[in-house]
Amino acid sequence: MEKNIIKVRAHDGIVGFTYLLSIIGATYINENLIYIAIGVGILQIISPVTKFCPVYFVLNKLMPNTEPIQNGK
């Protein structure tokens, strides 16, 4: 169970960092980088329906000793 908590926290950190990087990039580099945040938001909205999350897909591969989360089943 502890490993799943680590996986959930890693997921939240990666998604949060992606949002932050997108907003900072849109502010200082190119405003079109805001579409990254929009894409991540759309993926988070449809994730409960499709039961697939790209971040969990990668984390499930990197952490094989844990229970798969949102692996499309």
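Residues are numbered from 1 along each chain as its sequence is written, and side-chain values use heavy atoms, with hydrogens and water left out. Because the model is predicted, local features need pLDDT of at least 70 and side-chain atom pairs count only at pLDDT 80 or more, while totals for chains, interfaces and linings use all residues.

**Overall layout**

The protein has 3 helices and 0 strands, in the order α-α-α along the sequence. Helices (H or I, at least four residues) and strands (E, at least two) are DSSP runs, numbered from the N terminus. The C-alpha trace spans about 40 × 25 × 15 Å along its principal axes. Of the 73 residues, 23% are buried; buried means under 20% relative accessible area, exposed over 50%, and partly exposed in between, with a 1.4 Å probe and protein chains only. Contact means heavy atoms within 4.5 Å. Among contacts between residues at least 6 apart in sequence, 49% join residues at least 24 apart.

The expected span of a helix is 1.5 Å times one less than its number of residues. The table sets this beside the distance between the end C-alpha atoms.

| Helix | Residues | Expected span | End-to-end C-alpha distance |
|---|---|---|---|
| Helix 1 | 27 residues | 39 Å | 39 Å |

In helix 1, the buried residues are Asn4, Lys7, His11, Val15, Ser22, Gly25 and Ala26, and they pack against helix 2 and helix 3. In helix 2, Ala37, Val40, Gly41 and Ser47 are buried, and the buried residues of this helix pack against helix 1.

Helix 2 bends by about 25° at Gln44, and Pro48 follows within four residues. The bend at a residue is the angle between axes fitted to the seven residues ending there and the seven starting there.

**Residues in and after helix 2**

Val40 lies in helix 2 and has a relative accessible area of 16%, so Val40 counts as buried. Leaving out residues up to four places away in sequence, Val40 touches Val15, Thr18 and Tyr19. Val40 and Thr18 are 22 residues apart in sequence, yet their C-alpha atoms are 7.9 Å apart in space.

Ser47, also in helix 2, is buried at a relative accessible area of 5%. Beyond its neighbours within four places in sequence, Ser47 is in contact with Phe52, Cys53 and Gln70.

Lys51 belongs to the loop between helix 2 and helix 3. Lys51 has a positive phi of about 55° although it is not a glycine. Its relative accessibility is 39%, so Lys51 is partly exposed.

**The largest pocket**

A pocket is an open set of points on a 1 Å grid over the protein atoms alone, where a 1.4 Å probe fits, with protein on both sides within 12 Å along at least five of seven lines; lining residues have an atom within 4 Å of a point. Grid points are joined across faces, edges and corners, and a volume is the space filled by probe spheres set on the points.

The largest pocket has a volume of about 170 Å³. Its lining has 14 residues, and His11, Val15, Gln44, Cys53 and Val55 lie nearest the centre. Helix 1 (2–28), helix 2 (34–50) and helix 3 (54–62) each give two or more residues to this lining. The lining divides into 9 nonpolar, 5 polar and no charged residues. Here Ala, Val, Leu, Ile, Met, Phe, Trp, Tyr, Cys and Pro count as nonpolar, Asp, Glu, Lys and Arg as charged, and the others, Gly among them, as polar.
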